[in-house]
Amino acid sequence: MGPETGFGSLESIFSPKMALTKKNSINVPLQISEGSSAHGEAGSSTMDLFYAPRSPFSRKILTVIVELGLESHIRLIQTDPWNDESLRRYNPACKVPTLLLDDGTALFDSPVIARYLDERAGHRLVPAGIHRWDAGRREALGDALAEAVIRRFVERMGPDCDRIARVVARQEAAIAAILDQLEAEPAWMEAPVDLGHLAIACALAYLDGRSPELEWDRGRRLLAAWFYDFRARPSMTIATTPEIGAFRTAVSR
C-alpha cells in the first residue's frame with residue numbers, strides 16, 4: 001500500500017485518546033515453524049517491521065500485532081520511504097509496511113503481512129470457511145478507503161488544474177461510496193473482530209485526521225457510532241503511538 005508519511009514536514013495529525021496499556025491485549029505465543037532460526041526474546045523469532053507513523057497501512061499491521069499479542073516479537077524500524085531509499089533493498093517498491101523475517105525474507109504489503117502474522121499466531125483474525133471472504137472484502141474496502149484518502153490529499157497539494165480536480169473528485173466519490181456501503185450493511189459491526197474490522201477502523205482513523213473537512217460521519221450514524229467506540233480498543237490506541245513502550249523491542253532508524 002501507499003507509503004503515506006505526511007511528507008515529513010507536516011505535523012502529526014494523530015494523538016492518543018486514552019492511556020496506552022498492554023493489560024488487555026491478547027497474549028498469543030508466536031509459533032515458530034520447524035527449521036526456522038529462532039532468536040530474540042524468550043528464544044522466539046524477532047522480526048523487523050518497517051513502518052511510517054502516519055501510514056494507515058502501517059497502523060493496520062500494528063493493530064494486528066497487538067490483537068495477536070506479538071508486540072515483543074516485533075522490532076519497529078521507523079522509516080520515510082519518500083526520502084529514504086534504504087528500504088528498497090528489501091521491498092523493490094520502497095513502501096511501508098514491510099516485514100523482514102529472521103531468515104531475511106521480506107513480506108509486503110499489508111494484506112500479505114497480516115495473513116502471515118495471523119497464521120503464525122493461530123488464525124485469530126482471518127475467519128474460517130465462507131466468512132473469510134466477507135472479512136477479506138471488508139479489508140479491501142478499508143484499504144481502498146485509505147488509498148483514496150491518501151490520493152486525494154496528495155493531489156490537492158498540487159497546482160489547481162482540470163486534471164487534478166477530476167482526480168480529486170474521483171477519490172471523493174470513492175470515499176463517499178465506500179462509507180455509504182459500510183453504513184448500509186451494518187451486520188458486520190456486530191461480528192467478532194477480524195482483519196476487516198481493523199482495516200476499516202484504521203482507514204476511518206486516517207480519514208478522521210487527514211481530511212476532517214469531509215465530515216464523513218455526518219449522516220452515517222451507525223458507522224460513526226461503531227468507529228468512535230472501536231477506536232478505544234487497546235490495539236487502536238497502542239498503534240497510534242507504539243514507540244512509547246507497547247513494543248518493548250522497538251527501535252528507530
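Where in the chain is C94 found? C94 sits in the loop between β2 and β3, and its phi is near 55°, a positive value in a residue other than glycine. Keep in mind that this is a predicted model. The chain has seven helices and four strands, and along the sequence they follow the pattern β-α-β-β-β-α-α-α-α-α-α.

**The chain in numbers**
- Of the 253 residues in the chain, 49% are buried.
- Take the contacts between residues at least 6 apart in sequence: 75% of them join residues at least 24 apart.

**The sheet and its helices**
- The four strands make an open sheet with mixed pairing, in the order β2-β1-β3-β4.
- At the edges are β2 (74-78) and β4 (106-107), each of which pairs on one side only.
- β3 (residues 98-100) and β4 pair in the antiparallel sense, over two bridges; L100 has A106 in β4 as its bridge partner.
- Helix α2 (residues 110-120) packs on the sheet and touches β1, β3 and β4, with its direction at about 40° to that of β3.
- Helix α1 (residues 56-67) lies across β1 (47-51) and β2, and runs at about 145° to β1.

**S58, a serine with no exposure**
- S58 is part of helix α1, and it counts as buried because its relative accessibility is 0%, against a cut-off of under 20%.
- A polar atom of the S58 side chain lies 3.2 Å from the backbone nitrogen of A52.
- Leaving aside residues up to four places away in sequence, S58 touches Y51, A52, V96 and P97.

- In soluble globular proteins, nonpolar side chains tend to be buried together.
- The largest nonpolar core here has 52 residues, and the members that touch the most others are L49, L99, L117, L145, L204, L223 and W226.
- Helix α5 (residues 195-210) gives the most to this core, with ten residues.
- A second, separate core has eight residues, among them L87, C94, L100 and A106.
- L223 touches L179, L182, E183, W188, M189, L204 and W216, if you skip residues up to four places away in sequence.
- L145 lies in helix α3 (residues 131-156) and is buried, with a relative accessible area of 0%.
- With residues up to four places away in sequence again left out, L145 touches I175, I178, L179, A203, L204 and L207.
- L145 and A199 are 54 residues apart in sequence, yet their C-alpha atoms are 9.3 Å apart in space.

**Backbone spots to check**
- Most residues other than glycine have a negative phi, and most peptide bonds are trans.
- V96 and P97 are joined by a cis peptide bond with omega about 0°, and P97 is in the loop between β2 and β3.
- The peptide bond from F108 to D109 is cis too, with omega near -5°; D109 is in the loop between β4 and α2.
- C94, with its positive phi near 55°, counts as buried at 2% relative accessibility.
- E215 also has a positive phi, about 45°, although it is not a glycine.
- You'll find E215 in the loop between α5 and α6 (221-230), where it counts as partly exposed at 39% relative accessibility.

Notes. Residues numbered from 1 in each chain as written. Predicted model: local features only at pLDDT ≥ 70, side-chain atom pairs only at ≥ 80, totals over all residues. Heavy atoms only, no water. Pairing = 2+ DSSP bridges. Contact = heavy atoms within 4.5 Å. Axes fitted to C-alpha atoms, helices over the stretch in contact; angles between N-to-C directions. Core = buried A, V, L, I, M, F, W, Y, C linked by side-chain atoms within 4.5 Å. Buried < 20%, exposed > 50% of the residue type's maximum accessible area, 1.4 Å probe, protein only. Polar contact = N/O pair within 3.5 Å; in protein donor to acceptor, adjacent residues only side chain to side chain.
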